[in-house]
Amino acid sequence: MLMREQRIYSALLAIALFFLLGSSVWALTKIVHEDFENYSLGSLGAPWSVSKSGTSQASIVSTADHGKVILLHGGKVTDFLIASRGFSASSQEIVAQVDIKPTTDASFIWSLHGAGSSIGARRIRLQRQPGSPMLVSNTVPGGNRDCAALPSGIWSRVTLKVHATLYPHTFDVLINGNRTACTGLSTGLSPPFTQVSIMDAS
């Protein structure tokens with residue numbers, strides 16, 4: 001039987017979601033911040049919701065360099081896990097940040113969800129496929145786009161900015177504050193924004 005083990009060592013360290021308020025003065029208002037320091041070690045629980053099949057796991061673990069984090073651990077090729085954190089944001093502009101430290105060949109999907117005309121338009125997915133360090137964005141109508149390499153074994157901060165004030169709506173992906181090829185891409189994602197999720201699709 002073919003088996004593939006995947007890990008994201010702390011797929012989510014500090015989820016920071018912000019409203020961008022105002023047209024001429026852009027003020028950041030934090031709406032969700034997760035550093036997991038108040039979470040108990042072990043299986044990820046409330047306020048997260050977890051659905052899974054098979055042996056894939058999402059756990060709170062303690063690290064020497066980033067405190068408590070989520071460890072996303074993949075299972076067999078037929079297994080999956082989705083962990084979601086709900087919120088409500090009606091702003092036309094939103095910024096989501098996550099710190100990620102993938103192991104070699106680790107794959108994952110991190111998504112921001114909201115309103116839209118179809119399933120694909122109601123989310124922006126950022127994913128890393130097995131065997132490649134490339135971070136790829138996926139949404140409708142933008143399709144798949146290679147953003148930049150997300151290296152293994154070190155912490156990287158991924159920032160997703162969504163601009164829904166004017167049509168077409170667009171988004172930008174930054175890694176450690178640096179622009180990537182995923183800049184000014186089209187998306188159907190619209191407010192209200194409703195959740196972030198991490199997924200192991202073994």
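## The disulfide

Let's start with the cysteines: a search of the whole structure turns up one disulfide. The partners are Cys-147 and Cys-182, with their sulfur atoms 2.0 Å apart. Cys-147 sits in strand E13 (residues 143-149) and Cys-182 in strand E16 (residues 178-186), so the bond ties together parts that are 35 residues apart in sequence.

## The model as a whole

Keep in mind that this is a predicted model. Average pLDDT for the protein chain is 81, and 82% of the residues score at least 70. Residues 1-26 are the part to read with care: pLDDT stays under 50 there, although the model has 126 contacts beyond four places in sequence for this stretch.

As for secondary structure, the protein chain has 17 strands and zero helices. It has 202 residues, and 50% of them count as buried. The accessible surface of the protein chain comes to about 9200 Å², with 53% of that belonging to carbon and sulfur atoms.

Now for the rings. How many aromatic pairs are there? The count comes to two. In one of them, the rings of Phe-36 and Tyr-39 have their centres 5.1 Å apart and their planes at 70°; an angle over 60 degrees counts as edge-to-face, so that is what this pair is. Both Phe-36 and Tyr-39 are buried.

Phe-36 also pairs with Trp-48, and here the arrangement is tilted, with 6.4 Å from centre to centre and 35° between the planes. This pair links distant parts of the chain, twelve residues apart: Phe-36 is in the loop between strand E3 (27-34) and strand E4 (42-43), while Trp-48 belongs to strand E5 (residues 48-53). Phe-36 and Trp-48 are both buried.

## A look at Leu-81

Leu-81 is part of strand E8 (residues 80-89). Its relative accessibility is 1%, and the cut-off for buried is under 20%, so Leu-81 counts as buried.

What does Leu-81 touch, leaving out residues up to four places away in sequence? Its contacts include Val-50, Ser-51 and Lys-52, then Ser-56, Gln-57, Ala-58 and Leu-72, and also Ile-198, Met-199 and Asp-200. Lys-52 shows how the chain comes back on itself in space: Leu-81 and Lys-52 are 29 residues apart in sequence, yet their C-alpha atoms are 4.1 Å apart.

## The nonpolar core

In soluble globular proteins, nonpolar side chains tend to be buried together. In this model, the largest nonpolar core has 37 residues. Which of its members touch the most other members? They are Trp-110, Leu-112, Val-158, Leu-160, Val-162 and Val-173.

Not counting residues up to four places away in sequence, Val-162 touches Gln-92, Glu-93 and Ile-94, along with Leu-112, Ile-124, Thr-170, Phe-171, Leu-189 and Phe-193. One of these contacts, Leu-112, is also on the list of core residues that touch the most other members.

Conventions
Residues numbered from 1 in each chain as written. Predicted model: local features only at pLDDT ≥ 70, side-chain atom pairs only at ≥ 80, totals over all residues. Heavy atoms only, no water. Disulfide = S-S within 2.5 Å. Helix = DSSP H or I, 4+ residues; strand = E, 2+ residues; numbered from the N terminus. Phe/Tyr/Trp six-rings, centres within 6.5 Å; stacked < 30°, edge-to-face > 60°. Buried < 20%, exposed > 50% of the residue type's maximum accessible area, 1.4 Å probe, protein only. Contact = heavy atoms within 4.5 Å. Core = buried A, V, L, I, M, F, W, Y, C linked by side-chain atoms within 4.5 Å. Areas by Shrake-Rupley, 256 points an atom, 1.4 Å probe, with all protein chains shown as cover. pLDDT = per-residue confidence, 0-100.
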